[in-house]
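Please keep the model open while reading.

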Amino acid sequence: MKEKRLKGILGKNIRFFRLRRQFSQADLAEKANISITFLSNIERGNNYPQARTLCNIASALGIEIWELFRETNSFNEQNALINRISEDFTKHVNIALETVNKKYLI
């Protein structure tokens, strides 16, 4: 397996498990004792963490390290999760905007 592909799989899986746990990048970075910038670069496939960092990330996500490298997390499952989270976020933002409009603008 080529390094670029491995980095991509790792990054997508970390993002998938992070979103599944409903962690922001800041949440996971704090729990894994790394910077948000470094986590972002890992998720984008730009950086590859050392073994200790991988252990910290897996522990923070409540998963085994090997799960970060498996290719069986289907992209359909990942995309469905991301879409659901996006829809939930949009719904909550719209509710907040409506509340602000009713309370302060009307």
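Is Glu-3 buried or exposed? Glu-3 counts as exposed, at 55% relative accessibility. Here buried means under 20% relative accessible area, exposed over 50%, and partly exposed in between (1.4 Å probe, protein chains only).

## Basis

This is a predicted model: local features need pLDDT of at least 70, side-chain atom pairs count only at pLDDT 80 or more, and totals for chains, interfaces and linings use all residues. Residues are numbered from 1 along each chain as its sequence is written, and side-chain values use heavy atoms, with hydrogens and water left out.

## Nonpolar core

The largest nonpolar core has 18 residues. Such a core is a set of buried Ala, Val, Leu, Ile, Met, Phe, Trp, Tyr and Cys residues joined through side-chain atoms within 4.5 Å. Those with the most contacts inside it are Ile-14, Leu-28, Ile-34, Ile-57, Leu-61 and Leu-68. Helices H1 (3-20), H2 (25-32), H3 (36-43) and H4 (51-61) each supply at least two core residues. H4 gives the most, with five. Helices are DSSP runs (H or I, at least four residues), numbered from the N terminus.

Setting aside neighbours within four places in sequence, Ile-34 is in contact with Ala-29, Leu-39, Ile-42, Thr-53 and Ile-57. Contact means heavy atoms within 4.5 Å.

## Helix H4

Thr-53, Leu-54, Ile-57, Ala-58, Ala-60 and Leu-61 are buried in H4. Seen down the axis of H4, its buried residues fall within an arc of 165°, so they line one face of the helix. The arc is that of the directions from the helix axis to the C-beta atoms. Their cover includes H1, H2 and H3.

On the other side of H4, Ala-51, Arg-52 and Ser-59 are exposed. Gly-62 follows H4, with a positive phi near 70°.

## Salt bridges

The structure holds three salt bridges (a side-chain nitrogen of Lys or Arg within 4 Å of a carboxyl oxygen of Asp or Glu). Lys-7 pairs with Glu-3, the closest N and O atoms being 3.4 Å apart. Both lie in H1, four residues apart. Lys-7 is buried, at 16% relative accessible area.

Arg-5 bridges to Glu-71 at 2.4 Å between the closest N and O atoms. Arg-5 lies in H1 and Glu-71 in the loop between H4 and H5, so the pair ties together parts 66 residues apart in sequence. Arg-18 and Glu-43 meet at 2.6 Å, N to O. Arg-18 lies in H1 and Glu-43 in H3, so this pair ties together parts 25 residues apart in sequence. Arg-18 and Glu-43 are both buried.
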